[in-house]
Amino acid sequence: MRSPPFLPFNAPPVSEVKHDRHLVRRYLLQSALRLNAGSLLFLSLAIALLPLWLNHAPAAPGEMETRKLTPYIVSGVVAAVMVWLALMSNGIARGFLARLGEEGKALSVEAMASLVTRHIHAPFNPYTTFDLCTESLSGLALGTALGYSGPPAFFHDPFKGRIVLGRWRPLALGRHVEVRISSDLGPSCDIELRCRPGLAWFAIQQGESLKTAEMVSTQLHQHLARHASALNAARRERELERTSLQARLSALQAQVEPHFLFNTLANLKYLIRTDQMAAQEMLDHLVGYLQNAMPDMRSVSSTLGREMDLVSDYLAVMRIRMGTRLRYAVEVAEELRSLPFPPAMLISLVENAVKHGLERASRPGLITISARHESDSTDGLLSVSVVDDGVGLTEQAGQGTGLANITERLLLLYGRKASLFVEPGDGQGVCAVLTVPIVGSHA
């Protein structure tokens, strides 16, 4: 695009761009050499084959003198062609300099180079980065932006982290872009982008390699930025979900605490009227229980050992009230006590066993609480069972909010990885098995 011969009077002043003289001389010489180098390849081949033609072709009478002059004629033609190519390259190169001046750009080393390199830092591991680069560079959008008639010719090697794209095949002969992704494992990696000229090395460079490298580099930058933005948005959404989950868990847990305290205080009130010594002992156990449990009442995490201690204190209180009608056993291996376990779930199961299993029975009962480590194909599982030999499942026991509360909390905390099964025991009573995945610990 050329500037109009006359500018309007109110047009802003046109900035004059001055090219570096050393770069201009280097560029003109480089252009002449590149154009002549390609031509000399073909001329050299013709000159090399000329003696063969002169020796094998039969000479007509009077042609010997002409054949002796032929090498001189060919040399002269070659020299004339070289001079003509040098003049032509000079004109093409100066035309490129003029266009740069009209665009307000000065000649740079990269604009006259046939090989241009760019480096990009990707905030993803090499495997993710390779997939993103492949997705971005093989699309029709990039081919259209580069002036191709369709998607670019494409080659990729995931084992070497190498991607090559160009206008046509074979890629090495034409101007092409080679992308290499560093194989250093880590949260991020580096991308090296090289625009190579192929046979275009013999042509006068007019910024094609620089333009191609910048376009591909911009495409990669934008694609990586969009992916990073999407991941950040997903991370923020997960954080909001986690905050919401925390609030819902606190609300559900708050329903458990008064349920337990109300039942315990009701038992204490009864004992104060009937057996003050037993009430004093129960009060001591209750105080000890609250001292241990209150700091964690609002927490969404606990350990199996802490929950077992709370259950032991609760059962000690209940045994004072029920006397010989209640026996209990808590069996847990020492190495399992430090495993994470959701709070206030085990105590709900034990409360149900006492209230709906043993209090309704007219005979002594036994509650056994045990824990074991299990493993499936992927993760470790912690399974805690509460078994009683009471009256068994009744319709009233199944309508309580305790089991529904535990089921909802498990779903919020672990999804489908956790489970709660309540089934009739062996012959009598109820067996409740609570299974949760072991998160961040190994038994």
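Predicted model: local features only at pLDDT ≥ 70, side-chain atom pairs only at ≥ 80, totals over all residues.

Q: What caps the N-terminal end of H3?
A: Asn-125 does: one of its side-chain oxygens lies 3.1 Å from the backbone nitrogen of Tyr-127.

Q: Which residues of H3 are buried?
A: Among them are Pro-126, Thr-129, Phe-130 and Leu-132. Cys-133, Thr-134, Ser-136 and Leu-137 are also buried.

Q: Is Cys-133 buried or exposed, and why?
A: Cys-133 counts as buried because its relative accessibility is 0%, and the cut-off for buried is under 20%. Cys-195 is buried too, because its relative accessible area is 0%.

Q: How many disulfides does the structure have?
A: A search of the whole structure finds zero disulfides. For Cys-133, the nearest cysteine sulfur is that of Cys-189, 7.5 Å away.

Q: What do nonpolar side chains tend to do in soluble globular proteins?
A: They tend to be buried together. In this model, the largest nonpolar core has 40 residues, and those with the most contacts inside it are Tyr-27, Leu-107, Leu-137 and Ile-191. Several elements each supply at least two residues of this core, including helices H1, H2, H3 and H5 and strands S1, S3, S4 and S5. Another core, of 37 residues, lies apart from it; among its residues are Leu-336, Ala-353, Val-354 and Leu-420.

Q: Which residues does Leu-107 touch?
A: Not counting residues up to four places away in sequence, Leu-107 touches His-19, Leu-23, Val-24 and Tyr-27, as well as Phe-96, Leu-97, Leu-100 and Met-112.

Q: How do side chains alternate in a regular strand?
A: They alternate between the two faces of the sheet. Strand S12, residues 430–437, shows what to look for on each face. On one side, Val-430, Ala-432, Leu-434 and Val-436 are buried. On the other, Cys-431, Val-433, Thr-435 and Pro-437 are buried as well. Eight of the eight residues of S12 are therefore buried, each being under 20% relative accessible area.

Q: Which strands pair with S12 in the antiparallel sense?
A: Strand S10 (residues 380–388) pairs with S12 over eight bridges, and Ser-383 stands opposite Thr-435 there. Strand S11 (residues 419–424) pairs with S12 over six bridges, with Glu-423 opposite Cys-431.

Q: How many residues lie between the strands in the hairpin of S11 and S12?
A: Five residues lie between them, and Gly-427 in this hairpin takes a positive phi near 90 degrees.

Q: Where is Gly-198 found, and what does it touch?
A: Gly-198 is in the loop between S5 and H5. Because its relative accessibility is 24%, Gly-198 counts as partly exposed. Not counting residues up to four places away in sequence, Gly-198 touches Ala-172, Leu-173 and Gly-174.

Q: Which helix holds Asn-352, and is this residue buried or exposed?
A: Asn-352 is found in helix H8, residues 346–358. It counts as buried because its relative accessibility is 18%. Leaving aside neighbours within four places in sequence, Asn-352 is in contact with Gly-357 and Leu-403.

Key:
Residues numbered from 1 in each chain as written. Heavy atoms only, no water. Buried < 20%, exposed > 50% of the residue type's maximum accessible area, 1.4 Å probe, protein only. Helix = DSSP H or I, 4+ residues; strand = E, 2+ residues; numbered from the N terminus. Pairing = 2+ DSSP bridges. Core = buried A, V, L, I, M, F, W, Y, C linked by side-chain atoms within 4.5 Å. Contact = heavy atoms within 4.5 Å. Polar contact = N/O pair within 3.5 Å; in protein donor to acceptor, adjacent residues only side chain to side chain. Disulfide = S-S within 2.5 Å.
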